[in-house]
Amino acid sequence: ALGRFNEWLRRLPDTWDALLGHTYDSLIHKLLREGKLADAFDCFDEMKREGDKPTASTYEMLIRGCTLAMARVRPDAPQPDRFSAFLYGRVLALWQEMRDRRVRVDRYTYVELLRAFGKAGQVDAAFLIFEKMLALPQFLPDERAFDSMYELCSHAGAYSRALEVFREQAELRKSLFAPRLTPVAFTHLMLASVEGGLMHKLPPVLREMERFRCLPSKGTCGKLLGAALDQGQLAVAADVIRVARTAGHEPDRLLLDRYESAQEARALAGG
């Protein structure tokens, strides 16, 4: 039964194309699925020459195609390679064309832009889009947008900004919209706290992880506890120990000894 289901999933895009018929959008979708990005742009150019008007979905597919073909920047390589920079330029051109043609955008458009900006390491540009989404009720960021922001901050080494995004999501979660926190979000927030020397900002994240029962692995708990001790955050270390035990993990004995020694030293110093 599972094999038949997997086969159905594999053939679903072809079924969708058949239902759409041979429209330019369906052809562009098919070419992008086959990894033929240049051919998809040729089809897009022909579409415009023939007088067919591209929709937001058309532009979103092409932006996504460019993003998937780009190499992601990293903290140790913050600038995109030449080909990725070229593709990022294509994304900007598509976005400008959408505005010039007054194409009606939607939340998906902004999510695709966030993903593209993130892969190219364009943190400031991504935050401009993100702030625009926060300001417009019809475009409020959902979990995909927030996950894209966490991911781009993490890969660009903008760790403190990842925690800024978390504060925005926590605030938005008080509304009826309430975008959910995902394992992707928690992973990047923990990484930001460890790598960015920001363990003092982790407790609200840990509380949300406990509330969602999305608890870290034993190895991750060890890294968090070690980072909290290295950064002199004993209160955070106590939170990590509690979360680890809630998850059924007994912290490493050497780390517990370090924590207890640090507590004793602080008590003796009158802190």
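In which loop is the place of Arg213? In this predicted model, Arg213 belongs to the loop that runs between helix H11 (203-212) and helix H12 (218-230).

**View 1. Overall architecture of the predicted model, a protein of 14 helices and zero strands.** Read along the sequence, the elements follow the pattern α-α-α-α-α-α-α-α-α-α-α-α-α-α. The C-alpha trace spans about 80 × 45 × 40 Å along its principal axes. Of the 271 residues in the protein, 42% are buried. Among contacts with a separation of 6 or more, 64% are accounted for by residues 24 or more positions apart.

**View 2. Packing of helix H2 (residues 24-33) with helix H4 (residues 56-69).** The angle between these two helices is about 10°, and their axes are 10 Å apart. Because an angle under 35 degrees counts as roughly parallel, H2 and H4 are described as roughly parallel to each other. On the H2 side, the contact is made by Asp25, Ile28, His29 and Leu32. On the H4 side, Thr58, Met61, Leu62 and Gly65 take part. By class, the residues in the contact of H2 with H4 comprise four nonpolar, three polar and one charged.

**View 3. Packing of helix H5 (residues 82-100) with helix H6 (residues 107-119).** H5 and H6 pack at an angle of about 155°, and 10 Å separates their axes. H5 is therefore roughly antiparallel to H6, since angles over 145 degrees are placed in that class. The crossing of the two helices is left-handed. From H5, the residues Tyr88, Val91, Leu92, Trp95 and Met98 meet Thr109, Tyr110, Leu113, Ala116 and Phe117 of H6. The contact of H5 with H6 has nine nonpolar residues and one polar residue, with no charged residues.

**View 4. Phe83 and Phe86, an aromatic pair within helix H5.** The structure holds eight aromatic pairs. One of them joins Phe83 and Phe86 in a stacked arrangement, with 6.5 Å from centre to centre and 25° between the planes. Both residues lie in helix H5, where they are three residues apart, about one turn of the helix. Phe83 is partly exposed, with a relative accessible area of 48%. Phe86 is likewise partly exposed, at 47%.

**View 5. Trp95 and Tyr110, an aromatic pair between helices H5 and H6.** The rings of Trp95 and Tyr110 are edge-to-face, with 5.9 Å from centre to centre and 70° between the planes. Trp95 lies in helix H5 and Tyr110 in helix H6, so the pair ties together parts that are 15 residues apart in sequence. Trp95 is buried, with a relative accessible area of 8%. Tyr110 is also buried, at 2% relative accessibility. Ring pairs link Trp95 and Tyr110 with Phe139 into a cluster. Both Trp95 and Tyr110 are among the residues at which H5 and H6 meet.

**View 6. Ala85 in helix H5 and its spatial relation to Met70.** Ala85 and Met70 are 15 residues apart in sequence. In space, the distance between these two residues is 8.1 Å, C-alpha to C-alpha. Ala85 counts as partly exposed, at 35% relative accessibility.

**View 7. Ala178, a loop residue with a positive phi.** Phi of Ala178 is near 45°, a positive value in a residue other than glycine. The residue is placed in the loop between helix H9 (159-172) and helix H10 (183-195). With a relative accessibility of 29%, Ala178 counts as partly exposed.

**View 8. Arg213, a residue of the loop between helices H11 and H12.** For Arg213, phi is near 55°, which is a positive value in a residue other than glycine. The loop that holds Arg213 runs between helix H11 (203-212) and helix H12 (218-230). Arg213 counts as exposed because its relative accessibility is 57%, and the class of exposed residues begins over 50%.

Conventions
Residues are numbered from 1 along each chain as its sequence is written. This is a predicted model: local features need pLDDT of at least 70, side-chain atom pairs count only at pLDDT 80 or more; totals for chains, interfaces and linings use all residues. Side-chain values use heavy atoms; hydrogens and water are left out. Axes are lines fitted to C-alpha atoms, for helices over the stretch in contact, and angles run from 0 to 180 degrees between N-to-C directions. Helices (H or I, at least four residues) and strands (E, at least two) are DSSP runs, numbered from the N terminus. Angles under 35 degrees count as roughly parallel, over 145 as roughly antiparallel, 65 to 115 as roughly perpendicular and the rest as oblique. A crossing is left-handed if the near helix is turned anticlockwise from the far one by less than a right angle, and right-handed if clockwise. Contact means heavy atoms within 4.5 Å. Ala, Val, Leu, Ile, Met, Phe, Trp, Tyr, Cys and Pro count as nonpolar, Asp, Glu, Lys and Arg as charged, and the others, Gly among them, as polar. Rings of Phe, Tyr and Trp (its six-membered ring) pair if their centres lie within 6.5 Å; planes under 30 degrees apart count as stacked, over 60 as edge-to-face and the rest as tilted. Buried means under 20% relative accessible area, exposed over 50%, partly exposed in between (1.4 Å probe, protein chains only).
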